[in-house]
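Please open the model in your viewer and keep the sequence at hand.

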Amino acid sequence: ADNLSEALKKLNITSTDSTSDSLEGCLDCLLQALAQNNMETSEKIQKSGVLQVFASLLTPQSSCTAKVANIIAEVARNEFMRNPCVDAGLIPPLVQLLNCKDQEVLLQTGRALGNICYDSHEGRNAVDHAGGAHIVVDHLRSLCSKTDPASEKLLTVFCGMLMNYSNENDTLQSQLINMGVIPTLVKLLGIHCQNAALTEMCLVAFGNLAELESSKEQFAYTNIAEELVKLFKKQIEHDKKEMIFEVLAPLAENDVIKLQLVEAGLVECLLEIVQKTVDSDKEDDIAELKTASDLMVLLLLGDESMQKLFEGGKGSVFQRVLSWIPSNSHQLQLAGALAIANFARNDGNCIHMVDNGIVQKLMDLLDRHVEDGNVTVQHAALSALRNLAIPVVNKAKMLSAGVAEAVLKFLRSEMPPVQFKLLGTLRMLIDAQAEAAEQLGKNVKLVERLVEWCEAKDHAGVMGESNRLLSALIRHSKSKDVIRTVVQSGGIKHLVTMATSEHVIMQNEALVALALIAALELVTAEKDLENAQLVQILHRLLSDDRSAPEIKYNSMVLICALIGSEPLQKEVQSMAFLEVISKLRSHENKTVAQQASLTEQRLAVES
């Protein structure tokens, strides 16, 4: 301790004119003390005011420069020392030293700057201000192909410095991307794949940058997919695989890179991991299984990569994914169902899958999760069934396979994501299927649940889908029995509210359903239509210039139907509809203009 105090004193007094020998001795003493107790020594250095002295010692001519930079690197390992280093004006001279040719000076300077930037806003700003990142990126470029140990050590330090510099800072990450650091780092990874420390630094740097959209565009022009897959195949340790996964996941959000990863053979690696870990109960294996199967699903989100793996339904990957659905692992069941939902993104695939028995597999899976089941698996299986039900030719096949009954078992679910998918699946299934719509529309339990969900104000998706299914049951069945069930369950007011939705498609569906109600069961529904103030709403829709032509048309059709009811006709007469409708006779849309003329005649006769 005495030696340290002595050295600090000496440095303060003699830094400007001391002989290099005594200076070297003082610096060695500091380095020794830092090696023994970094924190305590750093505190003493800060109190002594020596940091300001260091700024003058950081010159390319001095033989002590590397040692001074090394001391700064060591003290900056402590969080409390980073701002003082910035305040002492150390950043500009350190950045200047990056132009030096001496490898040891470069190495220690890179360490010092990297440590000062670690988790320090002020440190990063100062380095940015002094233009440090630019010089480091240039060094990476020029050293990139050198594989001697000293160059590789320097590359590792410079990568680490850039990583600390840009970590969790979008602005600085964008700056590095604009400097073109990505192709350089990818090249580094390829050339130095045998060097574990450097590889690790590259991976962390990629993880940092890959979150930004602009980086993905750049990555897509490199051979990153190939390099990462090559590296992945060599890994045995879980931690290393995890690091590569952390880079792959954000990159795989880009469709071009998805395809590159598929072509580079990532899928085969993932399937192998699944096979190895599926029966294991080790924590690492469970984590790996999850990451691999999740990544697999992500690759299927790209249209090209998905079609490549589907291979007309003959692909080995597609077949393997199918085998996940009956598995005992919830994670694989989930990934399998999500993968099917992704494969079911075009009609051709959907038709092929339904013809090849996929529906039964999904229904069996749902069956396993009816009682206290896994919500994510329920949601995924319902998503897959909903997508499969989109092509017209699949609807009747799926209905006769019993899909509607399988889905109805989840009516009790209290989970909004499951409710949402359940409603969407039923709505897809009954589209233009009159018999099925009638059967479901007479199911009192279902209709009552729909009416309840029409009030789910906290879950707009569930509320919207319930309204749409309620309307669809009427529109596709055109059945008096269905309308009576809806009236008895209190559904009319929701259909009237739906007519005021901000979505034209929903407004329209509501108006068509209400027109059918008025045409087929007006007496039964009359009281509810009156209470829901339908006539006032129609007046508002017809008066509003922003209403779409089809909304105006269907509102007039509905008015013509409503005047068959005495109380509703009185309301229509009291609201000066004729005035609004006569204006619509000159509407630019011919169908609207024609309907306006017809409606005007009907109203004139009735009055």
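Begin by selecting Phe318, which is buried at 4% relative accessibility; buried means under 20% relative accessible area, exposed over 50%, and partly exposed in between, with a 1.4 Å probe and protein chains only. The model is a predicted one, in which local features need pLDDT of at least 70, side-chain atom pairs count only at pLDDT 80 or more, and totals for chains, interfaces and linings use all residues. Residues are numbered from 1 along each chain as its sequence is written, and side-chain values use heavy atoms, with hydrogens and water left out.

Next, select Phe343, whose relative accessible area of 0% makes this residue buried. Phe343 and Phe318 form an edge-to-face aromatic pair, with 5.1 Å from centre to centre and 90° between the planes. Rings of Phe, Tyr and Trp (its six-membered ring) pair if their centres lie within 6.5 Å; planes under 30 degrees apart count as stacked, over 60 as edge-to-face and the rest as tilted.

Now display the helices, which are DSSP runs (H or I, at least four residues) numbered from the N terminus. Phe318 lies in helix α22 (residues 316–324) and Phe343 in helix α23, so this pair links distant parts of the chain, 25 residues apart.

With all three selected, the view shows one aromatic cluster of Phe310, Phe318 and Phe343.

Definitions and conventions
Helices (H or I, at least four residues) and strands (E, at least two) are DSSP runs, numbered from the N terminus.
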